[in-house]
Amino acid sequence: MKKWIFSLSLLLCASFINSPKINHNEHEHASALTVAPKMLKASDARFIQPYSVNAGYLAVKGMEVKGFDAQSLEKVEQAFSVLEKVVNSEEFKSRVLNFVNTQGKTEFASNKGLTNTQIYATFMDGRETLQQNTPGEMNYYLSLYNKRYSKVIGWTNGDINTININWKFFKSFKPSDVAGNFAHEWTHKIGFDHKSAAEHDSAPYAIGYIVREMAERAAKGEELH
Ligand SMILES: [Zn+2]
């Protein structure tokens, strides 16, 4: 039990979505890339076709990854790779559609009135609140920082594309832990929040846990279906 509480506290995430000011031009900075070339995929026609429909596959893309050394970048890439496998699996779909919250209801906490199916569809559509023109993509703008006396693994807010990652936790995280945290933070990017770091059945937490658990099994060589 103690170990469980400890692992939950590690997934703490600060999110501040209290300011209504949104900069709709932020996606224009997507071309300023500082990431290793192999992490980047060829530019995609979907960039210039706003509001096209996602055919179903969700691609994970590093758009701007700042502050990571070569070894850490390798871990980021491993996390991206397993994250993409997880979110495109049938098991992920089934687990999101059938998710049951702590009240025993088949719905997420803080779900904004959306059903599990609608949340899954929103997730797989891949349109971040600030980047409506990139369907079919989980776009990651990452920035590494180091705060030793903090319980925050990573944070973002509704006004920025960037997800800030705390080195304090990242340094000892396995790629599967990183994948879970990336999924949590990206679920904020598509507009879902949690009331507190204890709301473990909110979409960001619950989806983060599903991804982490599946990624861990994939790391052990299990094939995901
Ligand atoms: Zn969070």
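**Close-up 1. Strand 4 and strand 5 form a hairpin with four residues between them.** Strand 4 covers residues 154-157, strand 5 covers residues 162-166, and the two pair in the antiparallel sense over two bridges. Trp-155 sits opposite Asn-164 of strand 5. A quick word on terms: helices (H or I, at least four residues) and strands (E, at least two) are DSSP runs numbered from the N terminus, and two strands pair if DSSP finds at least two bridges between them. What you're looking at is a predicted model, where local features need pLDDT of at least 70, side-chain atom pairs count only at pLDDT 80 or more, and totals for chains, interfaces and linings use all residues. Residues are numbered from 1 along each chain as its sequence is written.

**Close-up 2. Helix 6 meets helix 7.** The axes of helix 6 (residues 175-189) and helix 7 (residues 203-219) come within 7 Å and cross at roughly 155°. Axes here are lines fitted to C-alpha atoms, for helices over the stretch in contact, with angles from 0 to 180 degrees between N-to-C directions. Helix 6 and helix 7 are therefore roughly antiparallel (angles under 35 degrees count as roughly parallel, over 145 as roughly antiparallel, 65 to 115 as roughly perpendicular and the rest as oblique). Residues in the contact include Pro-175 and His-188 of helix 6, plus Tyr-205 and Arg-212 of helix 7; being in contact takes C-beta atoms, placed from the backbone, within 7 Å. By class, there are 11 nonpolar, seven polar and three charged residues (Ala, Val, Leu, Ile, Met, Phe, Trp, Tyr, Cys and Pro count as nonpolar, Asp, Glu, Lys and Arg as charged, and the others, Gly among them, as polar).

**Close-up 3. Helix 2 meets helix 7.** The axes of helix 2 (residues 70-87) and helix 7 come within 9 Å and cross at roughly 110°, so the pair is roughly perpendicular. Val-82, Leu-83, Lys-85 and Val-86 of helix 2 touch Val-211, Met-214, Ala-215, Ala-218 and Ala-219 of helix 7. That contact has eight nonpolar, no polar and one charged residues.

**Close-up 4. Helix 3 meets helix 4.** Here the axes of helix 3 (residues 90-97) and helix 4 (residues 116-125) come within 8 Å, crossing at roughly 140°, so these two are oblique to each other.

**Close-up 5. Over residues 1-12, pLDDT stays under 50.** pLDDT is the predictor's confidence in each residue, from 0 to 100. The protein's mean is 83, with 76% of its residues at 70 or more.

Terms used:
Two residues are in contact if their C-beta atoms, placed from the backbone, lie within 7 Å.
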